[in-house]
There are 2 protein chains.
Amino acid sequence: MSTLELAQAAKAASHTLAVIPADRRNEALERMAQMLEENAEQILAANAADVEVALGLLERGELSSATVNRLRLSPQKLAEMAASVRATAALPEVTGKVLERVELDEGLELEKVSVPLGVLAVIFEARPDAVTQISALALKSGNTVILKPGKEVEQTATVLVGLIRQALIEKTLPEGAVSLVLGRAAVAELLGMTELIDLVIPRGSKQLVQYVQANTRIPVLGHAEGICHIFVDEAVDAELALAVIADAKTDYPSACNAVETVLVHRAVAAEFLPKLAERMAAAKVLLLGSDEAATLAGQVGPVGDWNTEYGDLTLAVQVVADMDEAIVHIHRYGSGHTESIMTTDASHAERFLREVDAAGVYHNVSTRFADGFRYGFGAEVGVSTSKIHARGPVGLDGLTTYKYLLRGSGQLVGSYHGRDARPFTHVKKPV
Amino acid sequence: MSTLELAQAAKAASHTLAVIPADRRNEALERMAQMLEENAEQILAANAADVEVALGLLERGELSSATVNRLRLSPQKLAEMAASVRATAALPEVTGKVLERVELDEGLELEKVSVPLGVLAVIFEARPDAVTQISALALKSGNTVILKPGKEVEQTATVLVGLIRQALIEKTLPEGAVSLVLGRAAVAELLGMTELIDLVIPRGSKQLVQYVQANTRIPVLGHAEGICHIFVDEAVDAELALAVIADAKTDYPSACNAVETVLVHRAVAAEFLPKLAERMAAAKVLLLGSDEAATLAGQVGPVGDWNTEYGDLTLAVQVVADMDEAIVHIHRYGSGHTESIMTTDASHAERFLREVDAAGVYHNVSTRFADGFRYGFGAEVGVSTSKIHARGPVGLDGLTTYKYLLRGSGQLVGSYHGRDARPFTHVKKPV
């Protein structure tokens, strides 16, 4: 089937899937998990073939060893994938929820109900677990999905999607609910299908996300980068700040919620920066910064710019005159992801929380908390730095929209305007 | 100032406006309303100049008389505009609301708070009241706005925006919160400003909306067309159905929520269609339809296609085998706006409500109810046929997003994973 035919099938299947009860979708997820267990040998063989190709590319310097590691499956990893599918099945249902109910007039009741978005297109890179995780999230939320894997994971993805479709057929769900497209040309085709695809989710490098954002008019859920700041206020518990900065930088440096820049209030810079330099040196973190920061801290190299996501053990430091300057810096160079203030002054904290425009604004806590699981969503669909639809860590809710149902008994709009117009009652009802 | 400078000023002003208390924004709206009253003469003079140019274009056939009518202000219309600004000021505040509150752990509390989107760009055509209405909705929701009026209303819009900015200055709000750009080149510039503008709202013809949708990667709130259907089920109260169809077609034929196509179940078509033909003839509605519909109803011309928004007293009729065929027709030709079923069978109704994918799905009621005021929103920002962010009639809420505030006491992510990991509590708190 062509990409267009697959997308048309996904659209048709989305109408079916949207009305299939939750327990039937959960049963299909359970069958999916079993399939992964029953067919481990076949999956690992396909993965070994992908890995072999990748190792050849690694030798020729055309692929990084990090990519090869992300690509490689093991029996244990496969068991984790099956467990993750079951965990998704166990999450609360997100569609069919009555969000609001309003009586417009006697016998005329409006209901706002959550429904699936429709068709998702997910474009990802080397991770085989993305196939099962995303398919599970899609089916759990009543959506259908078209998967476009990176070239390096094509053989594994083909086997996995084959098994998922077999699980769908066995559970009499539409097979077209999960499909796979391969090759670079398919990406351009998918990005042009504004009538068939409701949401595009790019999963991978900054380059991939930016390419997708720049080449489609379909809404995109994701973030190209995470340039997170920690502002060290003039009223600060230095030890607390050092611990939080160390956590935010070193816990997982390549994560999007890791800190990239520390902004230090000038009033405490002379005292705080040498401590920061010492702490970072102990953690093998390279400091880069302004001349002023270098003079105060020592051991600080010159910073290139203020909007680089280092993604490793590198941290930029800047001295700012006050909170105003810190906020201007954050709005200018930040990516709207997560920003934190370290202060012992509650009014300073509240001002920062109020004024900073980002998906997450924190007080006395590590930026690394920006995560769907830590927020208690049970699952994370992605992190959005867009302000539209979903912002910050996105749970299953982010894969839903709503529709308005209006139940009447022959009401005419003509009765509600003009002379002798009937008034609306607009009475909120319990949901 | 250039369009870019105005947009940069709007962005800077958006950070200020987002933290200005509601009462100060409401005071500015009251001052705006007074300004309209105090400067009626100046506004009407500018409008007269616009109308004079428009009349010249009308004579040369370059403008429709409908456009000239939409353009023309009167003292009464101006008073209505001022009243509408005051009504907007009186609406409940939509920003700063705590939407969710969750304890992640002792002393670590997450709060989801509604905040303004930021900068709106509104591209509209001939209506001068759009200037005051949109500026009021933007300020009420803490957003800033860049207005691009149609050429025919430029002089009126320039005077109105001048007065609004004066009201902002008098109330010490940032003047850059409302600005005006003129000329076709400015539209292309605005649509390219993905970093500065958060939402584009096109207001006007289908052509305008489609042009905007096709030429920007900024999220767009709006709808290019409203192709709404009414399905007459086999179990139907014919009189009720005829009354609802007449209302949905004739109450305001150019509205996006007017019905364009009636789908009639074959089991009742022979009985229902002649009655429909008679009722529509009495209402001077031209019927177009399939051969089968024409044979049964008489007085039915051939239909060109099934996805034309007539916007006048024209109605397409089609005979369908059953509800399945009706739903397939709706999903194929509908615009996802509003769809209604006329039936006396409750289970048929519920099936239609569940299965039809549209912003509004109705039972026994006119499609014309799809409207923010009728839904009880107090104001309507627009109607969205997108599934992302806001769907259907959109109230002031549609101009907000949210941010997550996290208040802690030095928590580190490192404590919550690995050996001896602290568990999260994830306790929902009252808001």
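K387(A) forms a salt bridge with D198(B), the closest N and O atoms being 3.8 Å apart, where a salt bridge is a side-chain nitrogen of Lys or Arg within 4 Å of a carboxyl oxygen of Asp or Glu. Four salt bridges are found by this rule across the interface of chain B and chain A.

The model is predicted, so that local features need pLDDT of at least 70 and side-chain atom pairs count only at pLDDT 80 or more, while totals for chains, interfaces and linings use all residues. Residues are numbered from 1 along each chain as its sequence is written, chains are lettered from A in the order in which they are written, and side-chain values use heavy atoms, with hydrogens and water left out.

**The interface**

Between chain B and chain A there are 44 residue pairs in polar contact, both residues at pLDDT 80 or more; a polar contact is a pair of N or O atoms within 3.5 Å, one able to donate a hydrogen and the other to accept it within protein, and residues adjacent in sequence count only if both atoms are side-chain atoms. On the side of chain B that touches chain A, the elements giving two or more residues include α1, β2, α9 and β16 of chain B, helices (H or I, at least four residues) and strands (E, at least two) being DSSP runs numbered from the N terminus. The largest share of that side, 11 residues, comes from β16(B). By class, the side of chain B has 34 nonpolar, 20 polar and 15 charged residues, with Ala, Val, Leu, Ile, Met, Phe, Trp, Tyr, Cys and Pro counted as nonpolar, Asp, Glu, Lys and Arg as charged, and the others, Gly among them, as polar.

In terms of contact (heavy atoms within 4.5 Å), 69 residues of chain B meet 69 residues of chain A. The area buried between the two chains is about 5800 Å², of which carbon and sulfur atoms give 59%; buried area is the accessible area (1.4 Å probe) that two parts lose on being put together, summed over both. In chain B, I388(B), Y404(B) and V413(B) lose the most area to chain A, together 12% of what that side buries.

**Strand pairing**

Two strands pair if DSSP finds at least two bridges between them. The table lists parallel pairs, one of which joins the two chains.

| Strand | Partner | Bridges | Residues opposite |
|---|---|---|---|
| β16(A) | β13(B) | five | L405(A) and V361(B) |
| β3(A) | β6(A) | five | F124(A) and R203(A) |
| β9(B) | β10(B) | three | L287(B) and V300(B) |

**A sheet of chain A and its helices**

An open sheet of four strands in chain A has the order β5-β4-β3-β6, with parallel pairing. Its edge strands are β5 (178–180) and β6 (199–203), each pairing on one side only. Neighbouring strands of this sheet are turned by 20° against each other on average, direction ignored. Helix α1(A) (residues 3–17) packs on the sheet, touching β3, β4 and β5 of chain A, and its direction makes about 150° with that of β4(A); axes are lines fitted to C-alpha atoms, for helices over the stretch in contact, and angles run from 0 to 180 degrees between N-to-C directions. Helix α9(A) (residues 206–214) lies across β3 and β6 of chain A, running at about 160° to β6(A).

**Loop residues with positive phi**

H389(A), a residue other than glycine, has a positive phi near 75° and is placed in the loop between β14 and β15 of chain A. D420(B) likewise has a positive phi, near 55°, and lies in the loop between β16 and β17 of chain B.
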